[in-house]
Amino acid sequence: MSPNVSSSLSSLQLYSFSSLSPAFTLPSTRCYKSTRPHLPPRPTTIAVSSVSTRHKRKSGAKPDNSEARELVRGLMRNFDGERPLISMLNKYVKVVRTEHCFLLFEELGKTDKWLQCLEVFRWMQKQRWYIADNGVYSKLISVMGKKGQTRMAMWLFSEMRNSGCRPDTSVYNSLISAHLHSRDKSKALKKVLGYFDKMKGIERCKPNIVTYNILLRAFAQAQDVNQVNALFKELGESILSPDIFTFNGVMDAYGKNGMIKEMESVLSRMKSNQCKPDIITFNVLIDSYGRRQDFDKMELVFKSLLRSKEKPTLPTFNSMITNYGKARLKEKAEHVFNKITDLGYAPNFITYESLIMMYGFCDCVSRAREIFDEKIESKKEMKVSTLNAMLEVYCMNGLPMEADLLLERARKKGPPFPDSSTYKLLYKAYTKADKKELLDKLLKSMDSDGIVPNKRFFLDALGAFGSSSPASQESAGRRATDSGRLQRSAKT
């Protein structure tokens, strides 16, 4: 370990953490969010045109307990895909306003119901209280981007300008993020640099720290070190200052790409900027070193965390369990799990999924199944991701028949019941193992459960074909074509 790196790691504990917000606890294994549009004000005070709608919440506001959220939760509970959402909006037309629609965009955006977001938007435009506002368009552009609907995001940007609104920094940030969710990353990065340059020339659209954070993370993910350094240099010469989100985002991106030297360089830059690390910083470092199986450094950071004023979070332990498992260090992973309860934490469903996967990596399939069965018998809410973890353990250990039996059990008894992610996982595994009979059975089960594989399903599944046999590739190609024909005939 070089002296500079050792100094940076050991000095983590020397920072004062008193000025940091304890409420911010994003796990290091999740995507870093650079911006979070807030709810707009009541329609009577909504600003038009160039005024940004990124308002700060009042200190006493409790959005989770608000009447608006309660109404939206009721609407989402009654929306089952068969009963039109618009009919329910019409039922509550006297009370539904812009803030409710914002929350609906958020809830619908968490699923694949992005088309319903557009229906709600069209419904909004017909209401007497509706006033065209940047905040509405910014939110919709963000939702479309996350769902990979870049063209729809572009259309909304054009629609916004036609409605009389002038784009501001917040809108451009959403548009940049939308492009970065597209599949063609190289093209997207060129496009967003064009927007970035355009923003500099418009007074109301000047890049802010959120803009730089989005771009820095994106280029770090693309492993473009020169562009990252150029953006850092430009940021240093501006009136803006990098914040904790800047450094955490870049370090996380480098760490997930295995670029440890570059990550450590950003850590040193963070120290020289006198930016105090938070729990996210610790989690990023622990996860990154764990992924590279550099457990000496991982454990050094963890010890620094325990000596600091910060406290470990469940993502800290979940990451360590998973990475010890990948290295087949079962005893160490079990020790971390025991430490969770020793420190007074309650394991969450991700903890148990990490434990199941750990035993799968360590060839302890029966122990993984014991934990899975214990979770079912506990009668607590089960996530489909937990079912997927157990199925993946079977598949990685060459037990596709056991995976098929568990799938059938879940389909008949549940919960959790399988969804499209479950079928995608098994489609990849069966294709890789060249299990033609199981593939045919799987497609029939999908048809029976009303899950029609779309283009993205097969594009994602094609990732497994590189290591499968030519016969399997040809067979899977025929299945994708046949399924596409069935889907088209069903529509006609």
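Glu 299 touches Tyr 324 and Lys 332, residues up to four places away in sequence not being counted; contact here means heavy atoms within 4.5 Å. The place of Glu 299 is in helix α15, where helices (H or I, at least four residues) and strands (E, at least two) are DSSP runs numbered from the N terminus. With a relative accessibility of 21%, Glu 299 counts as partly exposed; buried means under 20% relative accessible area, exposed over 50%, and partly exposed in between (1.4 Å probe, protein chains only). The C-alpha atoms of Glu 299 and Ile 286 are separated by 7.7 Å, and the two residues are 13 residues apart along the chain.

The structure is a predicted model, in which local features need pLDDT of at least 70 and side-chain atom pairs count only at pLDDT 80 or more, while totals for chains, interfaces and linings use all residues. Residues are numbered from 1 along each chain as its sequence is written, and side-chain values use heavy atoms, with hydrogens and water left out.

The secondary structure of the protein chain consists of 25 helices and 0 strands. Of the 492 residues in the protein chain, 48% are buried. Among contacts with a separation of 6 or more, 68% are between residues 24 or more positions apart.

The largest nonpolar core holds 131 residues. Such a core is a set of buried Ala, Val, Leu, Ile, Met, Phe, Trp, Tyr and Cys residues joined through side-chain atoms within 4.5 Å. The members that touch the most other members are Phe 105, Met 251, Met 390 and Leu 426. Helix α10 (residues 209-221) gives the most to this core, with 9 residues. Once neighbours within four places in sequence are left aside, Met 251 is in contact with Met 263, Val 266, Leu 267, Met 270, Thr 281, Val 284, Leu 285 and Ser 288.

Phe 105 is also one of the buried residues of helix α4. Helix α4 is mostly covered, since 10 of its 12 residues are buried. Besides Phe 105, the buried residues of α4 are Thr 98, Glu 99, His 100, Cys 101, Phe 102, Leu 103, Leu 104, Leu 108 and Gly 109. At 1.5 Å a residue, the 12 residues of α4 (residues 98-109) should span 16 Å, which agrees with end C-alpha atoms that are 16 Å apart. The expected span is 1.5 Å times one less than the number of residues in the helix.

Helix α6 (residues 134-146) packs with helix α8 (residues 169-180) at an angle of about 10°, their axes being 8 Å apart. Axes are lines fitted to C-alpha atoms, for helices over the stretch in contact, and angles run from 0 to 180 degrees between N-to-C directions. Helices α6 and α8 are therefore roughly parallel to each other, given that angles under 35 degrees count as roughly parallel, over 145 as roughly antiparallel, 65 to 115 as roughly perpendicular and the rest as oblique. On the α6 side, Asn 134, Ser 138, Ile 141, Ser 142 and Gly 145 meet Ser 170, Val 171, Ser 174, Leu 175 and Ala 178 of α8. By class, this contact has 4 nonpolar, 6 polar and no charged residues; Ala, Val, Leu, Ile, Met, Phe, Trp, Tyr, Cys and Pro count as nonpolar, Asp, Glu, Lys and Arg as charged, and the others, Gly among them, as polar. Apart from neighbours within four places in sequence, Ser 174 is in contact with Ser 138, Ile 141 and Ser 142.

Several loop residues were also examined. Gln 223 lies in the loop between α10 and α11 (225-237) and is partly exposed, with a relative accessible area of 46%. Phi of Gln 223 is near 60°, a positive value in a residue other than glycine. Neighbours within four places in sequence aside, Gln 223 is in contact with Asn 257 and Met 259. Its C-alpha atom is separated by 9.9 Å from that of Gly 258, 35 residues apart along the chain. Gln 293, in the loop between α14 (279-291) and α15 (295-307), has a positive phi of about 55° although it is not a glycine. At 42% relative accessibility, Gln 293 counts as partly exposed.

Ile 451 is placed in the loop between α23 (436-448) and α24 (455-461) and is buried, with a relative accessible area of 18%. With neighbours within four places in sequence left aside, Ile 451 is in contact with Asp 419, Ser 420, Tyr 423 and Met 446. Ile 451 and Ser 420 are 31 residues apart in sequence and 6.6 Å apart in space, C-alpha to C-alpha.
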